[in-house]
Amino acid sequence: MDILEATRQAFSLLFSGDTELWTIIWISLRVSLIALAVATPAAVVLGYVLAQKRFPGRRILVVLIQGLLSFPTVVVGLILYILLTRQGPLGSWQLLFTQEAMIMGQAVIAFPVLAAFALAAVQGADPRAHETAVSLGASPLRAALTTLLEVRFAVVAGVFNGFGRVISEVGCAMMVGGNIAGVTRNIPTAIALETSKGDFAQGIALGVVLMLFALGISIALGVLQGRGGLK
Amino acid sequence: MSALLSFLHLRKSFGARKLLDLGPFAIGTGEAYVITGDNGSGKTTLLRSLAGLEPGEIAGFTFHGVPLTHGRLPDSARHEIVYVHQHPYLFHTTVAHNIGYGLAARGIDGAERERLVEEAIAWAGVEHLRRMPPAKLSGGEKQRVALARAKVLKPRLFLLDEPTANLDGEARGQAIALIRQLVEDNSSLLIACHDRELIELPGMRRFHLANGKLAET
């Protein structure tokens, strides 16, 4: 099959409402968005604490988060696989090859991205924001929320970046999801499978969707940068 | 006049440099004080220390009869002392929300907060800026909003850091007029400034800070 024919078929699949294709897209979105929803609150709190507080071990935590930014997703998958396999310490949960396992993996992958962005955002915040909140009588929690609201565009940019990282990762999803059609097959694992079978049309169609996601993220980040005064 | 705030000594060093080495000092209820001094003499640090925003060594520190330690102030004091930065920071919301922020922090909500915010807006003459995002405000307008945001809380003590710095003409005059009203209302104020007109406001007690020491002039 030549590339032009495969591309024509890919767009035909996309616009014909092919159930299998759109199920794959839905699973990808569902898993990644839930993973972000799970990881974001704790990651933002950690980023805030690391930016605002000084305590023993803080520097190590910062270095660890920075190091985890480039941690291979397949290794996250491997570790999670060992934990979730029937003989593993979490084997009784029976989560291996489920969307829940994929969500756990993607939450772990997204966590350092979200925390690093929150840390940078709060470190970059005008220190007068927190001081003003405190001086006006805000409790520590309210002052923290106010500071985070002041840098909300940078924090949300972290969420978009985290989404970009997890929606396109294949290693962890393949290992703990198992690429089961209609259950755990998401866009990256489907592309890998269809390409290996020589079915380029579906691979290209899903690749187009992934690129559209990437483009959407870039546009959203651009809008955020404009609104938040980021450079 | 009873002392609203007092300390026996306040010391603050940056490395080997001793910035503040103050002996006994007291601020009377309903009195206004102005502190002059060269740039870097420690005026801002003094105000920030009293606001609990700057760590320092303070002994015999009391506020409204309650002994305090340095560092973060207890709610009882934090709700009664408001510090206004030299370049006030306004949250990225609206002018009205900024003025109501401290009220919300005190649990004052709904119609009562709205009423108090409207009063403060009228006091500062910023009615036309009510829904304006702070980024669009001039330096003078920001200062007036910051003063309204402080006044609406009816604090026992205002700490104002160079409230007319970088303002000129009408904006400076408007800020001074608001501060004059606070003085005339018998608010307790401690103002760090260089502005001759502010320094010479009637009813002000004047101190000069030099070499870490305060002296009344």
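How many of the 11 residues of helix 3 (residues 95-105) of chain B are buried? The count is 9, so helix 3 of chain B is largely enclosed by the rest of the structure. A residue is buried if 20 or more other C-beta atoms lie within 10 Å of its own, exposed if 12 or fewer, and partly exposed in between, with C-beta atoms placed from the backbone. Helices (H or I, at least four residues) and strands (E, at least two) are DSSP runs, numbered from the N terminus.

Some ground rules come next. This is a predicted model: local features need pLDDT of at least 70, side-chain atom pairs count only at pLDDT 80 or more, and totals for chains, interfaces and linings use all residues. Residues are numbered from 1 along each chain as its sequence is written, while chains are lettered from A and ligands numbered from 1 in the order in which they are written. The model scores ipTM 0.93 and pTM 0.89. Chain B averages a pLDDT (the predictor's confidence in each residue, from 0 to 100) of 93, and 98% of its residues score at least 70.

Now look at chain B as a whole. It holds 7 helices and 13 strands. Its C-alpha trace spans about 45 × 40 × 35 Å along the principal axes. Of its 217 residues, 46% count as buried.

Go back to helix 3 of chain B. Among its buried residues are Val95(B), Asn98(B), Ile99(B), Tyr101(B) and Leu103(B). The buried residues pack against helix 4 (110-124) and helix 5 (139-151) of chain B, together with helix 7 (140-150) of chain A. Just after helix 3, Gly107(B) takes a positive phi of about 80 degrees.

Two residues are in contact if their C-beta atoms, placed from the backbone, lie within 7 Å. Leaving out residues up to four places away in sequence, Ile99(B) touches several others, including Val117(B), Ile121(B), Val145(B) and Ala148(B). The largest nonpolar core has 69 residues, and Ile99(B) is among those with the most contacts inside it, along with Val82(B), Ala148(B) and Leu159(B). Helix 3 of chain B gives the most to this core, with 6 residues. Apart from it lies another core, of 59 residues, among them Val31(A) and Met175(A). A nonpolar core is a set of buried Ala, Val, Leu, Ile, Met, Phe, Trp, Tyr and Cys residues joined through C-beta atoms within 7 Å. In soluble globular proteins, nonpolar side chains tend to be buried together.

Where do the chains meet? The contact takes 13 residues from chain A and 16 residues from chain B. On the side of chain A that touches chain B, helix 6 (127-135) and helix 7 of chain A each give two or more residues. The largest share, 6 residues, comes from helix 6 of chain A.

Finish with some exposed spots. Ala210(B) sits in strand 12 (residues 204-210) of chain B. It is exposed because 12 other C-beta atoms lie within 10 Å. Ala210(B) touches Gly37(B) and Ser41(B), again not counting residues up to four places away in sequence.

Most residues other than glycine have a negative phi. Gln94(A) has a positive phi of about 50 degrees although it is not a glycine. Gln94(A) lies in the loop between helix 4 (73-84) and helix 5 (99-123) of chain A. Asn166(B), also not a glycine, has a positive phi near 65 degrees. Asn166(B) lies in the loop between strand 10 (157-161) and helix 6 (169-184) of chain B.
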